[in-house]
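Thanks for coming, everyone. I have one structure to walk through today. Let me put it up.

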Amino acid sequence: MDRQTLFLLFRRLGPIVLLVCLSSQLTAADSVQAFVGGRLIPIEGDPIDNGVLIVRNDKIERLGSARDVDIPDGADIHDVSGKVIMPGLICTHSHIGQGSGGDRSGPIQPEVRVYDSINVRDSRIEKARAGGITTANIMPGSGHLLSGQTIYLKLRDGNKVEDLFIYTEDGSIAGGIKMANGTNSRKDPPFPGTRAKSAALVREQYIKAQTYQAKLKAAAEDPEGKLKAPDRDLGMEALVEVLEGKRVVHHHTHRHDDIITVLRLKEEFGFKLVLQHVSEAWKVADEIAAANVPCSIIYLDSPGGKLEARDIDWKNGAELEKRGVVTGFHTDDGVTDSRWFLRSAVFAVRAGMSEAGALYGMTMAGAIMLDLQDRTGSLTPGKDADFIVLSGDPLSVYTRIEETWIEGTQVFD
């Protein structure tokens, strides 16, 4: 209905009729979908057999058993009898999209943004959707002490990387920062040659960031305006965001001593931290739990890799779960192909992790690590309609992912 027609209606029929017309237009614009007959695994709540999931536009509106949930008139009905629906999977450490980070000019480059290098037409993004991944933390590499800023993406269909962005409440682009220690970042100068020098360089940069932060604060609070703010420094800006808790540090680390070094740095500078890989987490699980730090772990089903990861053990998930550590999973794609991400939960259960804990790790734990727990990670009314349709039990080797939905739109069939 064009503007001229609305004007004529208003003049001839009055404002009441016009309001009715507008109301009907708004209702017609709503997209309502009902997924009926399947088993729902909400993650936050008990499974529901013969369930109904109502999606309105891009949000989950309601879910429950068929006897308790009325299907709205005009809803597009999807019969998922015999299927399983659970939240979309969240990979907290991925390299899909061909993203790159820092170069060889220095070991610490917080000003680098991985999203300036992401190709949304990379086939591995399509593979990730086929694996049920709806949200991913895209990282630069781990060959630096700090290789740049990460980006949290919804794997929507898009023509440019901005189409996949997630925005925070203040309008900024959601993402963290990537750090690493151990052997990856030890090289010839200007890179560090030892573990001790690695930690020293990191301390040095965070102390500089604290000074930069203090100068900014002093200038902003100076009532007479005599104090000048320091010249803009993109790297320091990113590190100040880390110090203020606006960016989570996603830290590549393997050996138990390297893990403890990261925990020490967290204690010194107070940044929010997610430990990535933590091959030897089972050796220092008590210390990780005491520091209240989440862990994102990886499972490998073939030999090979680096020497410092030789003691990786499938019991990592079980040992961390026993101690109450928020434990999630990642692919590090292409270390593990995103199409087979769900196998990580299977391996964890095989080694002693609970089934509920493993599925939580594939979904809600990842959302927590990315500070997206209010938007995704569970089938909860009000959250984004990110979910997958499975042919059967998510922990069965015979099960396949049949459909992937992001914000109420199917992105894989």
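How many nonpolar, polar and charged residues are in the lining of the largest pocket? Ten are nonpolar, five are polar and eleven are charged. Bear in mind as we go that this is a predicted model.

Let's stay with that pocket. It holds about 610 Å³ of space. Its lining runs to 26 residues. Nearest the centre you find Thr168, Glu169, Asp170, Ser172 and Lys246. Which element gives the largest share of the lining? Helix 5 does, with three residues.

Now the second largest pocket. Its volume is about 510 Å³. There are 30 residues around it, and those closest to its centre are Ile298, Leu300, Gly304, Gly305 and Val335. Helix 9, residues 343-350, provides the largest share of this lining, again as three residues. By class, the lining of the second largest pocket splits into ten nonpolar, 13 polar and seven charged.

Where is it? Arg247 sits in the loop that joins helix 5 (234-243) to strand 11 (249-253). Is Arg247 buried or exposed? Its relative accessibility is 10%, so Arg247 counts as buried; the cut-off is under 20%.

What does the side chain of Arg247 do there? It makes a polar contact with the side chain of Glu241, at 2.7 Å. A polar atom of the Arg247 side chain also lies 2.9 Å from the backbone oxygen of Gly176. Leaving out residues up to four places away in sequence, Arg247 touches Gln149, Thr150, Gly175, Gly176, Ala238, Glu241 and Val242.

Last stop: helix 6, residues 256-269. First, a check on its length. Helix 6 has 14 residues, and at 1.5 Å a residue they should span 20 Å. The C-alpha atoms at its ends are 20 Å apart, so the two values agree.

Which residues of helix 6 are buried? Asp258, Ile259, Thr261, Val262, Leu263, Leu265 and Phe269 are. A reminder on geometry: an α-helix has 3.6 residues a turn, so residues three or four places apart point the same way. Keep that in mind when you look down the list.

And what covers those buried residues? The cover includes helix 4 (195-221), helix 5, strand 11, strand 12 (273-277) and helix 7 (285-291). After helix 6 comes Gly270, with a positive phi near 70 degrees.

That's my tour. Over to you.

Note on methods. Residues are numbered from 1 along each chain as its sequence is written. This is a predicted model: local features need pLDDT of at least 70, side-chain atom pairs count only at pLDDT 80 or more; totals for chains, interfaces and linings use all residues. Side-chain values use heavy atoms; hydrogens and water are left out. Helices (H or I, at least four residues) and strands (E, at least two) are DSSP runs, numbered from the N terminus. Buried means under 20% relative accessible area, exposed over 50%, partly exposed in between (1.4 Å probe, protein chains only). A polar contact is a pair of N or O atoms within 3.5 Å; within protein, one must be able to donate a hydrogen and the other to accept it, and residues adjacent in sequence count only if both atoms are side-chain atoms. Contact means heavy atoms within 4.5 Å. The expected span of a helix is 1.5 Å times one less than its number of residues. On a 1 Å grid over the protein atoms alone, a cavity is a set of points where a 1.4 Å probe fits but cannot get out, and a pocket is an open set with protein on both sides within 12 Å along at least five of seven lines; lining residues have an atom within 4 Å of a point. Grid points are joined across faces, edges and corners, and a volume is the space filled by probe spheres set on the points. Ala, Val, Leu, Ile, Met, Phe, Trp, Tyr, Cys and Pro count as nonpolar, Asp, Glu, Lys and Arg as charged, and the others, Gly among them, as polar.
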